[in-house]
Number of protein chains: 4
Amino acid sequence: MQIQKEDIRKIILKAARKEFIENGFKDASMRSIAKNAGVGLSNIYNYFRNKDEIFREVLSGLLHAIDSAMKEHNNPDYISIDIFSSEEYMRRQIDMFVELIENHKEDFNLLLFKASGSSLENFRNEIIDTHTETGIEYIALMKQKYPEINSRVSNFFIHIMSSWWISIVAELVMHDLSHNELEEFIREYMEFGTAGWKKVMRVENYFFEQI
Amino acid sequence: MQIQKEDIRKIILKAARKEFIENGFKDASMRSIAKNAGVGLSNIYNYFRNKDEIFREVLSGLLHAIDSAMKEHNNPDYISIDIFSSEEYMRRQIDMFVELIENHKEDFNLLLFKASGSSLENFRNEIIDTHTETGIEYIALMKQKYPEINSRVSNFFIHIMSSWWISIVAELVMHDLSHNELEEFIREYMEFGTAGWKKVMRVENYFFEQI
Amino acid sequence: MQIQKEDIRKIILKAARKEFIENGFKDASMRSIAKNAGVGLSNIYNYFRNKDEIFREVLSGLLHAIDSAMKEHNNPDYISIDIFSSEEYMRRQIDMFVELIENHKEDFNLLLFKASGSSLENFRNEIIDTHTETGIEYIALMKQKYPEINSRVSNFFIHIMSSWWISIVAELVMHDLSHNELEEFIREYMEFGTAGWKKVMRVENYFFEQI
Amino acid sequence: MQIQKEDIRKIILKAARKEFIENGFKDASMRSIAKNAGVGLSNIYNYFRNKDEIFREVLSGLLHAIDSAMKEHNNPDYISIDIFSSEEYMRRQIDMFVELIENHKEDFNLLLFKASGSSLENFRNEIIDTHTETGIEYIALMKQKYPEINSRVSNFFIHIMSSWWISIVAELVMHDLSHNELEEFIREYMEFGTAGWKKVMRVENYFFEQI
DNA sequence: TATGAATGAGTCTTCATTCAT
DNA sequence: CATGAATGAAGACTCATTCAT
């Protein structure tokens with residue numbers, strides 16, 4: 001019983017995901033979802049309060065994963081990391097993101113490109129802002145630890161770098177890269193990014209994490 | 001006569017622009033446009049084929065401007081430019097973009113954030129692709145001219161750099177930067193970008209344009 | 001057991017009263033009632049046959065009180081009352097009504113203004129009709145006792161007077177009168193009414209009750 | 001053309017009136033109206049903004065008539081009227097109301113009993129309030145002219161008298177009185193009312209209009 | 001007794017576009 | 001060139017009640 005009902009929940013969510021992917025949140029039709037789920041339209045409202053709640057439920061997995069990743073990323077321990085192993089650290093960060101993306105490709109698509117009209121339509125900007133604040137704090141902490149660095153990086157620049165991250169996520173979600181292509185890109189990206197940061201932060205002897 | 005009619009055209013376009021800005025393409029209402037233009041709803045269809053055509057017309061100025069900018073950017077003469085003055089060149093490129101943005105802030109907003117549902121909803125991706133191809137060609141030409149550089153930059157990396165460009169445009173459109181903030185950002189961005197490209201392209205003695 | 005169940009009954013009724021007061025019968029939602037009562041929606045149907053029955057139950061206290069008052073009002077003994085003490089009698093009648101109203105303000109509101117759609121939606125007219133018949137009888141009896149009076153008062157006039165009564169109840173329910181205001185009104189009303197009746201019934205030496 | 005279209009407007013209004021009378025505003029169905037009018041549902045919205053506007057339009061005749069009557073009733077000239085002819089004046093007032101009612105019986109029904117849910121659902125109270133204010137002013141003016149009268153009539157009493165008026169209208173609307181019955185009632189009502197007012201205002205030599 | 005699930009018809013309103021005039 | 005009228009499908013969501021368990 002409990003099980004059966006949970007099944008229907010899942011069936012509805014599955015049908016909803018399909019509909020959302022095909023038409024985006026705004027153009028998704030409750031009628032269609034009901035039809036595809038083989039469920040009475042009004043019955044859906046016994047499981048979910050409204051369209052938006054279904055959308056959030058569909059994306060809840062991804063949202064939690066992102067939340068965890070952000071907390072991980074934000075872990076203050078990383079600042080005390082041995083600076084010379086930072087390339088390894090950066091690589092770990094990237095791998096984490098790549099894994100996140102590959103596990104939730106479809107959902108990322110939904111979240112980044114098809115959420116307009118839903119309560120998640122500003123997610124992109126919100127996460128950029130969060131990420132930006134994290135970045136600003138991070139640089140401040142770095143400055144404390146290594147006073148020689150140039151910490152006078154403008155907030156907007158950090159904002160842009162955060163926005164870049166999301167863009168990269170978006171592009172990775174949109175394009176199917178082979179493993180080799182992915183590796184190649186990561187290498188290039190790391191080269192580019194570390195060189196850039198070194199320059200901006202006026203560090204020659206140190207090697208910093210990419211914000 | 002002819003003049004009067006052109007006036008009405010413009011009035012419609014003006015009302016349409018307002019409506020599109022306020023509600024985005026999909027939620028814009030032809031009724032509203034007609035009402036705000038003081039024109040009979042069906043009369044609009046004497047001037048435009050449909051909603052989409054109006055949208056494109058509203059954005060035609062920006063679209064042409066972008067087109068010109070892209071052609072300019074793509075001008076093969078630039079490859080023959082004296083390489084050591086490239087920083088100046090990069091600066092010119094950036095200024096051009098900034099000017100483009102400031103002249104068309106509102107329209108960029110429309111195009112990048114509110115085109116969903118229209119035939120321009122993929123503009124972002126399309127221009128990224130175009131820009132990417134340009135970038136690929138550009139690097140090939142550079143390689144011809146300066147065989148010492150590393151031209152083995154992956155297409156996807158160039159794609160990402162193009163995507164970055166658009167993200168920056170988007171962010172500049174969304175945020176109102178003071179002149180000082182803008183200058184600061186540009187300086188940082190140039191530092192970061194040139195350092196990155198130098199590294200990626202294995203050039204120590206040369207200095208390259210940012211794709 | 002039995003007791004527990006009665007508790008639930010009461011909880012449901014309490015939640016229902018709240019919902020009815022806030023939204024009126026028609027717009028009251030069984031879902032809301034269930035939610036506010038902390039009871040499964042369908043379980044309500046184990047205690048009540050339908051929405052209407054709940055409504056009647058909610059108002060049963062008032063309905064009984066009205067019934068009693070009407071019977072009291074209709075008591076034939078009152079006709080044999082010493083005519084010169086009738087002002088006191090009228091005053092007693094009024095006080096009874098006022099007390100009735102003050103004890104059931106909320107329910108009167110429900111019954112008079114928010115019953116539309118329920119089986120009680122015609123209560124106002126029904127009680128007016130009942131009251132009217134009582135009034136007609138009353139006058140006939142008076143005529144028997146005091147043949148000098150003019151008993152040729154049209155039924156519709158009596159109907160109007162009954163309707164007036166209900167209107168006054170309705171207004172008293174809608175407005176919060178201070179004790180003083182209430183007293184003042186009653187005095188004025190009695191003056192007005194007794195003078196009116198005296199005139200209509202062609203009595204100079206007698207003093208009649210207000211129907 | 002113009003004519004044809006106006007016809008459709010009228011057809012819609014006619015169908016709407018029927019629907020409103022049968023089901024009341026809230027339970028009236030736009031679908032039904034469309035069907036009965038032989039008109040596409042959405043086409044109705046080319047003629048009216050929404051259900052409420054249709055309702056007001058249906059009642060516009062009555063609303064204007066009421067407005068005129070109220071203005072007439074409120075005419076300050078009536079205060080300067082020769083007091084001894086006031087019975088004639090009162091009669092004129094009553095006749096005016098009776099005529100108003102007979103001309104708009106159905107609409108009054110709609111307005112007083114079936115407007116719940118519409119923007120006119122508070123009409124009864126609103127007109128009572130207006131009428132009350134008029135009454136208060138009227139008494140003040142009378143006091144100026146005839147200082148001997150008792151003008152200390154409580155506002156609530158006047159409110160009740162206004163409410164009574166509306167009740168009478170309502171009852172007249174609900175019941176079909178023959179001409180004789182009507183005449184009889186009016187006579188009784190005038191007797192009752194004038195006697196009442198005389199008493200309340202402590203006037204023996206004067207004769208006042210019913211507020 | 002109590003529950004969650006299911007029903008199926010119902011709500012008003014909006015939409016872009018076309019047509020006849 | 002301009003208009004008002006018409007279209008037909010679609011939108012999300014709610015309702016009181018019943019059923020199986």
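## How chains C and D are related

By what turn and what shift along the axis can chain C be laid on chain D? The model is a predicted one, and in it chain C can be laid on chain D with an RMSD of 0.3 Å by a turn of 178° and a shift of 0.1 Å along the axis. In general, two copies of a chain are related by a rotation about an axis and a shift along it. The two copies here are thus related as by a two-fold rotation axis.

## The interface between chains C and D

Across this interface, 27 residues of chain C are in contact with 28 residues of chain D. On the side of chain C that touches chain D, the elements that give two or more residues are α8 (155-174) and α9 (179-200) of chain C, and α9(C) provides the largest share, 13 residues. By class, the residues on this side of chain C divide into 12 nonpolar, seven polar and eight charged.

Of the interface residues of chain C, 100% are also interface residues in chain D, so the copies meet through the same surface.

## The surroundings of the DNA strands

DNA strand F is surrounded by 35 residues, of which the closest are A:S29, B:G40, B:S42, D:G40 and D:S42.

Two or more residues of the surface near DNA strand E come from each of α1 (2-27) and α3 of chain A, α2 (30-37) and α3 of chain B, α1 (2-27) of chain C, and α2 (30-37) and α3 of chain D. The largest share, four residues, comes from α3(A), and the residues of the surface near DNA strand E divide into 15 nonpolar, 14 polar and six charged.

## The buried side of a helix in chain D

In helix α6 (residues 105-113) of chain D, the buried residues are D:D107, D:F108, D:L110 and D:L111. These residues cover an arc of only 160° around the axis, which puts them on the same side of α6(D). As a general rule, an α-helix has 3.6 residues a turn, so residues three or four places apart point the same way.

Methods
Residues numbered from 1 in each chain as written. Chains lettered and ligands numbered in written order. Predicted model: local features only at pLDDT ≥ 70, side-chain atom pairs only at ≥ 80, totals over all residues. Contact = placed C-beta atoms within 7 Å. Nonpolar A, V, L, I, M, F, W, Y, C, P; charged D, E, K, R; others polar. Least-squares fit on C-alpha atoms with pLDDT ≥ 70 in both. Near = placed C-beta within 6 Å. Buried ≥ 20, exposed ≤ 12 C-beta atoms within 10 Å, placed from the backbone. Arc of directions from axis to C-beta.
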